[in-house]
Amino acid sequence: MSIATTLTQAPVVVDESKCIAEKGCTVCVDVCPLDVLAIDMVKKKAFMKYDECWYCLPCETDCPTDAVTVSIPYLLR
Ligand code: SF4
Ligand code: SF4
């Protein structure tokens, strides 16, 4: 029997319809202590570049348009 460990979704998801990175916003990238968020230079939207997260939440609380959602794993709540 195998035990699945692969995440089906990155813990941090950016709603691209709300993200205003194309207007110069980089707040979530700047506040992340792990530097795991980045701006996609083609789409001009923020995204989770590295699938690692401390669930510290400033990216979600500081985003001016509420575009960031951090999914905290059940066991950490
Ligand atoms: S803080 Fe919000 S609006 Fe700004 S780049 Fe990040 S996701 Fe986009
Ligand atoms: S919750 Fe913290 S570690 Fe995770 S992406 Fe946001 S700022 Fe970075």
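Lys 43 is partly exposed, at 48% relative accessibility. Partly exposed lies between buried (under 20% relative accessible area) and exposed (over 50%), with a 1.4 Å probe and protein chains only. The model is predicted: local features need pLDDT of at least 70, side-chain atom pairs count only at pLDDT 80 or more, and totals for chains, interfaces and linings use all residues. Residues are numbered from 1 along each chain as its sequence is written, chains are lettered from A and ligands numbered from 1 in the order in which they are written, and side-chain values use heavy atoms, leaving out hydrogens and water.

## Charged pairs

Side chains of opposite charge can pair when their charged atoms come close. A salt bridge here is a side-chain nitrogen of Lys or Arg within 4 Å of a carboxyl oxygen of Asp or Glu. The count is 2 salt bridges.

One joins Lys 43 to Glu 16, with the closest N and O atoms 3.0 Å apart. Lys 43 sits in the loop between strand 2 (37-40) and strand 3 (45-48), and Glu 16 in the loop between strand 1 (12-14) and helix 1 (27-31), so the pair ties together parts 27 residues apart in sequence. Helices (H or I, at least four residues) and strands (E, at least two) are DSSP runs, numbered from the N terminus. Glu 16 is partly exposed, at 34%.

Lys 45 pairs with Glu 22, and here too the closest N and O atoms are 3.0 Å apart. Lys 45 belongs to strand 3, while Glu 22 is in the loop between strand 1 and helix 1, so this bridge ties together parts 23 residues apart in sequence. What is the accessibility class of each partner? Lys 45 is buried, whereas Glu 22 is partly exposed.

## Hairpin and backbone

Strand 2 and strand 3 run antiparallel, joined by 4 bridges. Strands pair if DSSP finds at least two bridges between them. Ile 39 stands opposite Ala 46 of strand 3. The hairpin has 4 residues between its strands, and Lys 44 takes a positive phi near 60 degrees there.

Most residues other than glycine have a negative phi, and most peptide bonds are trans. Asp 35 has a positive phi near 60 degrees. Its place is the loop between helix 1 and strand 2. Leu 57 also has a positive phi, of about 80 degrees, and is not a glycine. Leu 57 lies in the loop between strand 3 and helix 2 (58-62).

| Residue | Relative accessible area | Class |
|---|---|---|
| Lys 45 | 14% | buried |
| Glu 22 | 42% | partly exposed |
| Asp 35 | 52% | exposed |
| Leu 57 | 26% | partly exposed |
| Cys 56 | 42% | partly exposed |
| Cys 63 | 13% | buried |

## Ligand shells

A residue is near a molecule if one of its heavy atoms lies within 4 Å of it. Ligand 1 has 14 residues around it, and Cys 19, Ile 20, Cys 25, Cys 28 and Cys 63 come nearest. This shell divides into 13 nonpolar, 1 polar and no charged residues. Nonpolar covers Ala, Val, Leu, Ile, Met, Phe, Trp, Tyr, Cys and Pro; charged covers Asp, Glu, Lys and Arg; the others, Gly among them, are polar.

Which residues surround ligand 2? They include Val 12, Cys 32, Pro 33, Cys 53, Trp 54, Cys 56, Leu 57 and Cys 59. The shell of ligand 2 has 12 nonpolar, no polar and no charged residues.

How many disulfides are there? A disulfide is a pair of cysteine sulfur atoms within 2.5 Å, and the count is 0 disulfides.
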